[in-house]
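Here's a quick briefing on a structure, grouped by topic. Have a look at the model first, then read on.

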Amino acid sequence: MKRLSGLPILIVILMAALFLAACAPAAQPATPTPPAVEEATAQPVETPQVEKTPQAEKTEEPATTEGFTLAPAIAERMAAGKTPIIYVSYHDVSNEFAPFLKAGVEKAVADLGVSAEFVGPVGADAEAQIAELESLVESGVDGLAISSASTDALAPAINRFLAEGIPVVTYNTDNPDSNRLAFAGQDLVTSGYAAAQVLADLLGGEGDIIITTLDAAAQWSIDRETGARNAFDEYPGINVLETINTGTEPQEIYANIENAMLANPTVTGILSLECCSTPAAGEYVKRNDLQDKVTVVGFDELPTTLELIRDGYIAGSVSQAPERQGYEAVRMLVDFLNGKPISDVDTGIEVIDLSNYQKYLGE
Amino acid sequence: MTQQTSAVSYDKQRQTVTARLKKILLARETGVFVALILMCLFLWQATDAFLTVHNLLNVGRQISLLGIMAIGMTYVLIAREVDLSVGSIYALAGLIAGMLIVAQWNLWLAIVVGLMVGMGAGFANGALSTYGMLPSFITTLGMMSVARGAALVITNGRPVTINETAGADPKALETFYFLGQGYVFEKIPMQLVFFIAVAIIGTILLSRTVFGFRVYAVGGSDKAARVSGIKVFNTKIWTFVIMGFLSALAGILSLAFLPSGQAGRTGVGLELDVIAAAIVGGASLGGGEGTILGTILGVLIIGVLRNGLVLMHVSPFWQEIAIGAVIILAVGIDKWTNVRRRT
């Protein structure tokens with residue numbers, strides 16, 4: 001009978017786990033954390049369909065070399081007219097967004113005649129990102145552009161590099177807790193607001209909605225969800241049923257959307273908060289012939305997303321101009337090293353839909 | 001005399017039936033099966049959507065790829081080894097096959113190349129873990145990184161999309177999509193058909209062939225198996241090759257289902273689910289134990305649990321706790337019952 005000894009425990013704990021989960025609060029987060037960006041940039045966009053003018057929104061005074069003491073080695077190199085050595089660190093070089101940023105960095109290298117390398121950990125790993133940056137600093141750098149894997153973890157490192165006289169800017173994912181010189185990227189709260197506004201308008205201000213995200217606990221996701229829920233709050237007929245944490249593995253993402261749709265048969269709108277659950281939601285709509293019942297709005301311009309827009313399964317996707325983010329990161333550092341003042345760059349919001357997808361798809 | 005004979009015969013029959021019943025009740029699979037049934041009953045009561053043909057077929061499809069890989073992992077675990085590289089091989093083999101399809105290679109040749117990549121990686125894992133004298137934990141941990149890196153290098157980190165726009169042949173695409181997205185009898189997903197086929201072959205190979213006996217023997221005791229004339233290293237290598245083959249098969253089917261993969265995300269973390277499913281189903285980390293039926297039940301428990309938690313609108317953060325608790329518990333039961341059996 002010894003082999004049976006685990007059976008009662010297994011049954012009890014399985015049931016306990018289910019009951020525990022069943023008693024847990026329903027899908028959330030209904031109380032998003034405050035936005036991580038300045039209030040000035042968190043204003044709702046009035047017309048998200050229109051691309052914002054680049055550099056239109058400056059959140060603070062331009063950063064200048066006055067009051068910032070360059071490390072002696074960097075100052076010497078700049079005075080000698082040598083090519084600046086810049087590293088652009090991204091928090092996960094293995095995700096599908098990275099090649100777009102890298103292309104921007106490469107374009108800047110070609111245009112500005114500097115030495116800039118796109119680096120970062122495989123898989124979002126703050127410790128690995130810091131370790132790599134420290135090694136690069138030891139080998140000699142003239143400037144760093146950083147997209148943080150974790151705001152809390154990277155902020156002290158950024159401040160330390162700045163204290164050593166190394167110019168540091170942030171891009172794509174800001175680090176407002178640090179003293180970074182400037183930021184180039186999209187305001188996440190605003191972009192979440194814009195995407196939600198597009199979806200709510202397409203639904204005529206009425207309907208049941210689910211929000212999907214690869215990582216509901218990540219700061220970028222919380223920021224975008226904050227903006228989205230702010231927008232939905234302005235439409236009394238819109239009811240956000242739950243936020244689905246899809247995970248990052250493609251099969252897992254699709255399965256979670258599939259299960260969520262079955263659990264919520266009244267859904268008429270899906271808002272995806274990032275690049276990767278957007279095509280999965282479109283694919284679900286396509287395979288279940290729901291294009292007349294369910295409207296999908298998401299983010300970014302992955303090829304599959306663009307094709308699903310073309311075929312009518314995704315209504316819109318918010319672009320954040322990733323190539324420009326990579327480009328501006330390098331450009332800001334070069335300007336700063338040349339003594340020019342630099343300011344935050346908002347890379348804007350553009351909604352991709354049937355009217356303009358060709359521009360992105362290259363048709 | 002006749003009465004005495006029939007009485008003895010009746011006694012023997014009763015003993016046989018009792019022994020069989022006892023054997024069934026004592027089997028670890030029975031515990032997992034009862035737990036699964038209880039979970040299903042609970043979800044049936046708790047949600048409207050669970051016990052519908054549509055949802056059950058969804059669950060069947062959702063667990064298929066995990067199941068195919070977990071069957072391979074059962075072989076590896078029975079042979080007292082472990083393979084952490086399955087998620088990376090799944091990504092590498094699938095993406096290579098996908099890239100070849102986009103490059104307009106013959107569809108079947110592209111699939112065979114993908115499968116061979118998986119088998120090759122499995123062979124390397126096995127050879128290094130036996131003749132190379134390295135623990136399989138270390139070997140496959142290294143392979144996990146090597147295969148993931150290789151997938152990133154060959155794709156340059158960009159998504160691989162398998163469609164006409166990318167350059168694939170439309171006829172080949174139709175067949176390829178059918179493998180991942182098609183239905184048999186208009187209801188049964190092709191992925192589930194593959195899972196069932198792999199389960200049947202896997203069961204026969206493990207329980208009805210000399211090879212299966214050898215796998216159990218090397219997992220039970222290396223020395224005893226060697227003394228019995230079993231080539232321990234070769235048997236273990238074969239389990240890794242089977243694992244690599246099934247990882248590649250699952251990776252290719254995954255790309256046929258969702259025809260866009262990305263080296264940085266595809267299959268990441270899958271190894272933990274695969275090992276967990278096999279362990280929940282009764283395979284032991286100590287080797288020598290496990291059955292394909294148990295693994296299928298383990299996969300079903302994980303699949304039903306994930307599906308049920310979403311259907312019950314449970315917060316995603318609580319879902320993590322529930323799934324984690326079940327995995328820890330399953331490994332715990334394996335450990336506790338092992339200790340009891342030894343004492």
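Chain A holds an open six-stranded sheet, ordered 2-1-3-4-5-11 with parallel pairing (strands pair if DSSP finds at least two bridges between them; helices, H or I with at least four residues, and strands, E with at least two, are DSSP runs numbered from the N terminus). This is a predicted model, where local features need pLDDT of at least 70, side-chain atom pairs count only at pLDDT 80 or more, and totals for chains, interfaces and linings use all residues. Residues are numbered from 1 along each chain as its sequence is written, while chains are lettered from A and ligands numbered from 1 in the order in which they are written.

**Sheet in chain A**
- Strand 2 (115-119) and strand 11 (345-346) of chain A are the edges, each pairing on one side only.
- Two bridges link strand 4 (residues 168-171) of chain A with strand 5 (residues 183-185) of chain A, and Tyr171(A) sits opposite Ala184(A).

**Domains of chain A**
- An automatic or database domain assignment gives domain 1 (41-53 + 187-319 + 347-363) and domain 2 (72-184 + 323-343) of chain A.
- Their C-alpha centres are 30 Å apart.

**Helix pair in chain B**
- Helix 4 (residues 86-102) of chain B and helix 5 (residues 107-130) of chain B have axes that come within 8 Å and cross at roughly 155° (axes are lines fitted to C-alpha atoms over the stretch in contact, with angles from 0 to 180 degrees between N-to-C directions).
- Helix 4 of chain B and helix 5 of chain B are therefore roughly antiparallel (angles over 145 degrees).

Notes. Angles under 35 degrees count as roughly parallel, over 145 as roughly antiparallel, 65 to 115 as roughly perpendicular and the rest as oblique.
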